[in-house]
Amino acid sequence: MSVRRPLHRGRVVVLAGGVGAARLLRGLAPRMAPGRLTVIVNTADDDVFHGLNVSPDVDTILYTLSGLSDPLRGWGIDGDTFAALGALGRYGEDTWFQLGDRDLATHLFRTRHLREGRTLGEVTAMQARALGVRVRVLPMSDQPVRTVVETSGGRRSFQEYLVRDRAREAVRSISYAGIRAARPSAGVVAAIAEADAIVFAPSNPFVSIGPILAVPGIRQALRRAQAPVVAISPLIGGRPVKGPADRMMRAHGLPPSPLALAEIYADLLSGLVVDTSDRAFAARLEARGVAVAHLDILMRSPMRAAAVGDAALRLAASLQRRRGRLAG
Ligand code: GDP
Ligand code: CA
């Protein structure tokens with residue numbers, strides 16, 4: 001039985017990577033008033049496979065919000081098969097990047113429309129509409145940006161590092177190729193300016209949220225925004241729920257903890273949602289000017305994700321009221 005709780009009526013912008021963000025959105029999206037949620041998605045994971053433009057984080061968000069996603073894996077389409085990939089393998093092609101048969105339709109569609117001159121933002125909107133996604137999903141940029149990981153073994157594209165080499169190599173540094181020429185895609189800056197709350201999903205700060213913040217113009221828009229920025233921690237007890245965020249923090253000289261998030265997001269961050277097991281960090285975070293909310297942030301179910309989203313929006317609302325009192 002589900003209890004109908006009030007919808008959030010304000011305008012909310014979520015900065016998103018893939019799986020961590022999708023888990024949050026699965027709970028948050030149904031609780032938002034229609035037309036009020038905009039998601040700005042990392043595109044620095046994008047790459048070309050078999051001549052096709054693949055945008056893994058955009059796809060994860062679209063598949064999740066349309067109910068198509070594989071709930072266990074977190075990426076790809078539920079029940080998808082991999083016959084085409086197997087056939088490509090017989091031609092001797094690399095098949096370490098998994099692309100399902102139905103998933104391929106998404107990349108065929110995207111590639112064709114990009115080739116015909118549409119922007120990634122336009123193509124993403126067409127796909128969202130076709131899949132019945134009512135949330136506004138905006139790629140961070142229409143220009144190509146690529147995360148490059150320098151590892152102990154050499155220079156890797158992000159997907160080579162994460163998927164092919166399973167994040168086994170030590171990370172030396174991370175950069176975003178193409179970032180200087182990138183611009184925020186249509187609607188991104190306005191959505192940030194008009195938001196009542198801005199939420200950083202519990203996504204990897206270096207390879208999911210980091211590239212979004214590095215697009216020239218986005219950080220400035222966040223600094224100028226009326227709305228407070230609240231982040232949800234991807235770490236629980238110093239460890240990510242999945243992925244290499246903790247190792248990337250160590251590579252940057254930061255012990256993995258909520259304090260590292262405050263360090264990374266620095267001047268942008270007004271609030272942080274942490275796990276109850278991390279509540280001992282609250283005093284030190286608040287001393288740095290970061291308000292803290294804590295609860296169980298492992299999003300095992302849409303209900304848990306809704307609770308995490310609610311906590312982030314409540315924290316943002318309390319920060320807004322505090323600002324209002326200070327201004328008045
Ligand atoms: P990717 O692009 O698919 O790697 O996805 P993201 O960057 O959005 O997500 C990876 C991050 O999500 C990791 O750092 C995880 O710790 C975090 N994450 C995944 N599931 C959960 C969860 O249930 N709760 C929280 N708090 N973080 C999660
Ligand atoms: Ca990603």
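The legends below describe close-up views of a predicted model.

Local features require pLDDT of at least 70 and side-chain atom pairs pLDDT 80 or more, whereas totals for chains, interfaces and linings use all residues. Residues are numbered from 1 along each chain as written, chains are lettered from A and ligands numbered from 1 in written order, and side-chain values use heavy atoms, without hydrogens and water.

**View 1. The open antiparallel sheet E7-E6-E8.** Three strands make up this sheet (strands are DSSP E runs of at least two residues, helices H or I runs of at least four, numbered from the N terminus; pairing requires at least two DSSP bridges). Strands E7 (154–157) and E8 (171–177) form the edges. Four bridges join E6 (residues 146–151) to E7, and Val-148 stands opposite Ser-157.

**View 2. The calcium ion (ligand 2).** Asp-45 (OD) and Asp-57 (OD) coordinate the ion at 2.0 to 2.6 Å (donors are N, O and S atoms within 2.8 Å of the metal, or 3.2 Å for Na, K and Ca; water is not among the atoms, so sites may look incomplete). Asp-45 lies in the loop between E2 (37–41) and E3 (47–49) and Asp-57 in helix H2 (residues 56–65), so the pair ties together parts twelve residues apart in sequence. Asp-45 is buried at 7% relative accessibility, as is Asp-57 at 6% (buried means under 20% relative accessible area, exposed over 50%, partly exposed in between; 1.4 Å probe, protein chains only).

**View 3. Surroundings of Phe-200.** Beyond neighbours within four places in sequence, Phe-200 contacts residues including Leu-15, Ile-209, Leu-222 and Tyr-265 (contact means heavy atoms within 4.5 Å).
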